[in-house]
Amino acid sequence: MKQQPEAFHPNSTAALADPVLRSNFRGAMDFLRSKRRTAFAVDDAEGGDFDALSRRGEAIKQRCLQQLPALLEQLEQNCTRNGIQVHWAETPAQANQIIESLIRARSGKHAVKGKSMVTEEIGLNDYLDDRGVRCIESDMGEFIVQLAGETPSHIIMPAIHKDAGQIASLFEKTLEDTPYTEDVDRLIGIGRQQLRERFQHADVGITGVNFAVAETGTLCLVENEGNGRMCTTIPPLHIAVTGIEKVVAQLSDVPPLLSLLTRSATGQKITTYFNMISSPRKPGEQDGPEEVHLVLLDNGRSQAFADEELRKTLQCIRCGACMNHCPVYTRIGGHAYGTTYPGPIGKIVSPHLLGLDATKDLPTASSLCGACEEVCPVRIPIPKLLQRLRVESSHAGTAEEKVKGAGSGRKPLEALVWRIWSWACRHPAIYHRGASLAAHGRKLFKFLPSRWKTQRTMPQPAKITLHTALKNRQRRSASPCPQEKIY
Ligand code: SF4
């Protein structure tokens, strides 16, 4: 589906006006936050001390990112040695073409897919559908959003915006002979029944990758429903797709990251299934695909990698905790962003994938409260990166600026105001005169016309300027005096 971050403003206004959506999100986010809190209880004897674990996770990701090019080459060598064929894709179009050609080589028509945000990023389902290959989502949440003709609204819980009644109506409407029921166990049973047959007849299984281990050439996949295991064992062809940042150096890097991921995402100490795929089926083995392929996708990640500060974006392990704690995301939901990755992580990832020109409104949709950074298991300084992207979008671009579209958010009136401000700051007499006039006319500021005021209260200039206040204070410094009241 086409990504439309340009529609962020109308989308978020519509989401705010939808009481059902807001209540669904409120309940789901409260639930996930409390599960995460419990999973990271400090007195947890099983190593759930968030601070210590997250420092370790950050160090692992930073070390691996520092060696990214070398690790990717090592991963390719070891995967190839194990019999996994590795493909490199710079763009979504290239990734889609590679996947299509692999399916065509086997005359495949039916694909089953495990939950994978990177395949959402490249729009794989629509691409394959247009070329006669039906790709069925096998994760229950993804299956629901696919039936509804929607995209995931959360990176961990794709259908979190829907309540049981909405899912019951959807199943009744779209699945044959399905009665309306809000019983969650029965709804899951209905979904399972639908999928079982698809697994048996699938020509290809497509999945994402949570961690790709360079030293062993192993692809790690975290999941709860067993559908990932079905996708990677039943069809004769398995295609794993991942962003290049998912590579880690060694197997010992995986357990701390896995612990952080599951605790942050769903509040579990470990997920039900943890798959480690190291090769296609070997002679004598009972199951497993005949061919395994790994598609490594760049899609703007090299651009982030090249900038030491923005590289931190690539530390993300896609746990979704930043979304669950974001005051903006929890009110408007994921679809409002118009991007594959919503919420705080989406605001710093999407500019690399889609360019700052198209996504310039996203970094501004944050209160910079810092909740996202506080809960991030790999300590990504999201508010700082958002500030950087805000500045970059509103200042004219230079050759050094890394995110395409620098200066795209610059408005002529805003630019003129800043130019006047800069000129006044260089002429003290004019600056003081202006500051004094603003202080005298402070009450008039609330009448200034501005769209900014629709959500906020217009601040007023101080009663006296800072210079005057300091001068007054100096005058009185000899004698103990009450603090100068500036506001
Ligand atoms: S930015 Fe941090 S909290 Fe958000 S999804 Fe990535 S790892 Fe999780």
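**View 1. The shell around the ligand.** In this predicted model, the ligand is surrounded by Cys316, Ile317, Arg318, Cys319, Gly320, Cys322, Ile345, Cys376, Pro377, Val378, Ile380 and Ile382, where near means a heavy atom within 4 Å. This shell divides into ten nonpolar residues, one polar and one charged; Ala, Val, Leu, Ile, Met, Phe, Trp, Tyr, Cys and Pro count as nonpolar, Asp, Glu, Lys and Arg as charged, and the others, Gly among them, as polar.

**View 2. Arg36, a buried charge.** Look for Arg36 in helix α2 (residues 19-39); helices are DSSP runs (H or I, at least four residues) numbered from the N terminus. Arg36 is buried (under 20% relative accessible area, 1.4 Å probe, protein chains only). Arg36 has no salt bridge (a side-chain nitrogen of Lys or Arg within 4 Å of a carboxyl oxygen of Asp or Glu); the nearest side chain of opposite charge, Glu374, is 7.7 Å away. Beyond four places in sequence, Arg36 touches Phe50, Arg263, Ser264, Gly267, Ala321, His325 and Val375 (heavy atoms within 4.5 Å).

**View 3. The largest nonpolar core.** This core has 100 residues, and Leu219 is among those with the most contacts inside it. Helix α12 (residues 254-266) gives the largest share, six residues. A second, separate core of 18 residues includes Leu170.

**View 4. Helix α9 and its cover.** In α9 (residues 164-174), Gly165, Ile167, Ala168, Leu170 and Phe171 are buried. Their cover includes α8 (140-147) and α10 (184-201).

**Notes.** Residues are numbered from 1 along each chain as its sequence is written, and side-chain values use heavy atoms, leaving out hydrogens and water. Local features need pLDDT of at least 70 and side-chain atom pairs pLDDT 80 or more, while totals for chains, interfaces and linings use all residues.

Technical notes:
Buried means under 20% relative accessible area, exposed over 50%, partly exposed in between (1.4 Å probe, protein chains only). Helices (H or I, at least four residues) and strands (E, at least two) are DSSP runs, numbered from the N terminus. Lys and Arg count as positive and Asp and Glu as negative; His and the chain ends are not counted. A nonpolar core is a set of buried Ala, Val, Leu, Ile, Met, Phe, Trp, Tyr and Cys residues joined through side-chain atoms within 4.5 Å.
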